[in-house]
Amino acid sequence: NKTSFSRYKNLYRLVDSNGDSYIETPDRVVIEKDNTDGFYEVGKGYENRLDLISYKFYNTTMLWWVLAEVNDIRNPLVVEAGTVLRVPTLSRLYGLGGSII
């Protein structure tokens, strides 16, 4: 179930006086460096595509934001070929305060 990967699933839905609905802002998830982390050099065809890199390592595109967060990428649409990314193992993402998976 792909929705189980959403970091937004447990957030409150807020409704303003006009009836407009918003999702509360999630807390930032900190994923410390670990000696089990892998590294990946972004190749041709994967530039600006953290979703594809997420699929390559996690078998889902939904965890693209993990790669952005751990590599301090503020604009996921600007990731050049040759950039070396730190890639935490999927098993490390389980149970991080219930925030990830």
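The accessible surface of the chain comes to about 6700 Å², and carbon and sulfur atoms account for 50% of that area. These values come from a predicted model, in which the chain has 101 residues, 30% of them counting as buried.

**The chain as a whole**
- The chain holds 3 helices and 4 strands, and, read from the N terminus on, these elements follow the order β-β-β-α-α-β-α.
- When contacts between residues at least 6 apart in sequence are considered, 58% of them join residues that are at least 24 apart.

**Where Arg 86 lies**
- Arg 86 belongs to strand E4, which covers residues 84–87.

**Polar contacts of the Arg 86 side chain**
- The side chain of Arg 86 makes a polar contact with the side chain of Asp 37, at 2.7 Å.
- The Arg 86 side chain also reaches a backbone atom, namely the oxygen of Ile 31, at 3.1 Å.

**Other surroundings of Arg 86**
- Once neighbours within four places in sequence are left aside, the residues in contact with Arg 86 include Ile 31, Glu 32, Lys 33 and Asp 34, together with Asp 37, Gly 38 and Phe 39.
- Leu 67, Val 70, Asn 71 and Arg 92 are likewise among the residues in contact with Arg 86.

Technical notes. Residues numbered from 1 in each chain as written. Predicted model: local features only at pLDDT ≥ 70, side-chain atom pairs only at ≥ 80, totals over all residues. Heavy atoms only, no water. Helix = DSSP H or I, 4+ residues; strand = E, 2+ residues; numbered from the N terminus. Polar contact = N/O pair within 3.5 Å; in protein donor to acceptor, adjacent residues only side chain to side chain. Contact = heavy atoms within 4.5 Å. Buried < 20%, exposed > 50% of the residue type's maximum accessible area, 1.4 Å probe, protein only. Areas by Shrake-Rupley, 256 points an atom, 1.4 Å probe, with all protein chains shown as cover.
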